[in-house]
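Reader: I am new to this structure. Please take one part of it and walk me through it closely.

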Amino acid sequence: MQGALKGLAAAAVLLVLLAYFRGGSELVVEGLELSLRTLVQALPLIIAAFLLTGQLQAFLSKEWMDKLLQKFSGIKGILFSAAAGGLFPGPPYVYYPFLSGFKEKGIPFYLFFSFLAGKHVYDVARLPMEISLINPGIALLRNLITIPIPILIGLLSRRLFSDKTVNDFFNKDFFNKENT
Amino acid sequence: MMNLSMLVPTLALFLLAAVLIAVNSGKNKHKEGIKAGVQQLWNVLPMLILAFIIAGMLEALIPEEFVREWLAREAGFSGVFLGTLGGMILAMGPYASFPIIASIYGTGAGLGTVISLVTAWTLLSLSKFPYESGILGFRFTLLRMSISVPFCLAAGATAHVLELAFF
């Protein structure tokens, strides 16, 4: 987080300097006014988004996800794991350690893949941010267009890796056909 | 003053939050949720402010000719490719990336560019790379990212075709 903050601060300073050398203080003021206007307009939506995100995190427990993820297989499993990924709360430092807990388990590899794609593409907890910080119309269109992606990724990986398990990937030579 | 396009989603989010507060209060988890939300907002606030400064500056700095030539609807599929590449290198969280994406849209970028940008950010953003490769391994990360690239291009291309047909 500190690294990202420093990177953003450096980028902001660089852009302000670039604006100054290209258009003088007028362009800097124009840029800052644009920033302030957008921030003020989005502020109530940002507050609502964080209020909702906190409640979603309290509502969805990791134990519940863990239990349900091991229950399904096949196309039903792909649909379920993609949806479960979208509902799973937390940033990368939460969901990657959760997924690493499945390394030793015999769940199909394609379910692991569709869960992760579901988390990346659907992420329900991120949706309020997308609506508030980008644009409600763009967020709606992006979500409608990308609904099939985690399912297609699951189907493609099922076709490519058929009955291989997560355990196969992490503990054996996954790409060697003799291991199937 | 808030415009109408922001008012409806704001009210909808407050309403949803209120419903979840009511549901969570049954399990006595609503306070935990409020605390988590406030804590998260407080943690990312400096990042949000910086991201909005960057977004405003980009909006003021990006030349119109560049947008017309490379990112706008007229740019065609080159915008989709650039959007996919841009989403991958936007190695920041949603609080920082989304205002920047909004500013690119604000300068006149086409729907194909913006949708491929957001989709590539969700699937390919290098911000996840250290966690994913560190925890699940470089081989896994490379495999997952390779499989995801065509889907980002397809999402952008779909948006571009929809924009040509309906907008």
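Author: Start with a helix pair. The axes of helix 5 and helix 6 of chain B come within 10 Å and cross at roughly 170 degrees. Axes here are lines fitted to C-alpha atoms over the stretch in contact, with angles running from 0 to 180 degrees between N-to-C directions. Helices are DSSP runs (H or I, at least four residues), numbered from the N terminus. The crossing angle therefore makes helix 5 of chain B roughly antiparallel to helix 6 of chain B (the term covers angles over 145 degrees).

Helix 5 of chain B brings B:Pro94, B:Ser97, B:Phe98, B:Ile101, B:Ile104 and B:Tyr105 to this contact. Helix 6 of chain B answers with B:Leu111, B:Val114, B:Leu117, B:Val118 and B:Trp121. Contact means heavy atoms within 4.5 Å. Of these residues, 10 are nonpolar, one is polar and none is charged. Nonpolar means Ala, Val, Leu, Ile, Met, Phe, Trp, Tyr, Cys or Pro; Asp, Glu, Lys and Arg are charged; the others, Gly among them, are polar.

Both helices also give residues to the side of chain B that touches chain A. Helix 2 of chain B gives the most there, 23 residues. That side holds 52 nonpolar, 14 polar and eight charged residues. In total, 74 residues of chain B are in contact with 78 of chain A.

This is a predicted model: local features need pLDDT of at least 70, side-chain atom pairs count only at pLDDT 80 or more, and totals for chains, interfaces and linings use all residues. Residues are numbered from 1 along each chain as its sequence is written, chains are lettered from A in the order written, and side-chain values use heavy atoms, without hydrogens and water.

Technical notes
Helices (H or I, at least four residues) and strands (E, at least two) are DSSP runs, numbered from the N terminus. Angles under 35 degrees count as roughly parallel, over 145 as roughly antiparallel, 65 to 115 as roughly perpendicular and the rest as oblique.
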